[in-house]
Amino acid sequence: MTATMGARANEPPAALAASGGLNAVTITFDDFYHAHFRSVTTQLCAYTGDLGHAQDLTQEAFCRALARWDRLVRYDDPVAWVRRVAWNLARSRWRRLRTARDHLMRQRRVEAEVDGPTPDRVAIDAALAKLPANHRRAVILHYLADLSVNQIALQEGVAEGTVKSWLHRGRTALAGLLDENTEGVSDV
């Protein structure tokens, strides 16, 4: 593989342009690459809709061509071989993506549709949000987490009497808050 200093990317080399074809003059892989990379990339970009991915596919096709360059240079149209490889890589990607999507769809559990919160639940959540933090924690731990007064006291690092006071004040405040919103709310 030889590199030419004056050649610009994506332009056919002077020897190739003057001769009118690939077989008239044996060209280097670098010249071949510079002459055809842009056109193959453009075609794949139109197919995939993603320039970066098209460049990656084209690069992979040219890497495979480099490994076989001694045989490929003797073909009538080596760029057709590179183009075919690049298109096959693009199609393989689509197949892999489709297969992966189908597999994921089969593995996905069908979850039962869950109804939204009831008006009662919304009212309770709103009332709990208005309680002082200590009272709210005590009510939630006692009634929703089923912890005893003793367990709450140990967790919070306070006396049992304090927890009883928080529960009493929390229940009283909740009763008042929920009485304001009794319209459309059933017993909880």
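I take partly exposed to mean a relative accessible area between the buried limit, under 20%, and the exposed limit, over 50%. The model I examined is predicted.

**Surface patch.** I looked up L97 with that definition in hand. Its relative accessible area is 42%, so L97 counts as partly exposed. I located L97 in helix α5. Together with Y47 and W94, L97 makes a nonpolar surface patch of about 280 Å².

**Nonpolar cores.** The largest nonpolar core comprises 20 residues, and F29, F32, L44, F62, W69 and V82 have the most contacts inside it. I noted that at least two residues of this core come from each of α2 (29–48), α3 (51–67), α4 (69–72) and α5 (78–107). Helix α5 gives the largest share, six residues. I listed the partners of W69, setting aside neighbours within four places in sequence: they are I27, T28, F29 and F32. I also found a second, separate core of 16 residues, with L131, I152, V163 and W166 among them.

- R64 pairs with E60, with 2.9 Å between the closest N and O atoms. The two residues are four apart in helix α3, so about one helical turn separates them. I found R64 partly exposed at 35% relative accessible area, and E60 is likewise partly exposed, at 33%.
- D125 and R121 join through their side chains at 3.1 Å, N to O. Both belong to helix α6 (residues 119–130), where they are four residues apart, about one turn of the helix. D125 has a relative accessible area of 36% and is partly exposed; R121, at 44%, is also partly exposed.
- D102 bridges to R101, the closest N and O atoms lying 3.0 Å apart. I noted D102 as partly exposed, with a relative accessible area of 30%.

**Backbone.** I checked D146, a residue other than glycine, and found a positive phi near 55°. D146 sits in the loop between α7 (133–144) and α8 (149–156). Its relative accessible area is 62%, so D146 is exposed.

**Cysteines.** I searched the whole structure for disulfides and found zero.

Methods
Residues numbered from 1 in each chain as written. Predicted model: local features only at pLDDT ≥ 70, side-chain atom pairs only at ≥ 80, totals over all residues. Heavy atoms only, no water. Disulfide = S-S within 2.5 Å. Core = buried A, V, L, I, M, F, W, Y, C linked by side-chain atoms within 4.5 Å. Buried < 20%, exposed > 50% of the residue type's maximum accessible area, 1.4 Å probe, protein only. Contact = heavy atoms within 4.5 Å. Patch = residues over 30% accessible without salt bridge, like charges linked within 9 Å, V, L, I, M, F, W, Y side chains within 5 Å. Areas by Shrake-Rupley, 256 points an atom, 1.4 Å probe, with all protein chains shown as cover. Salt bridge = Lys/Arg side-chain N within 4 Å of Asp/Glu carboxyl O.
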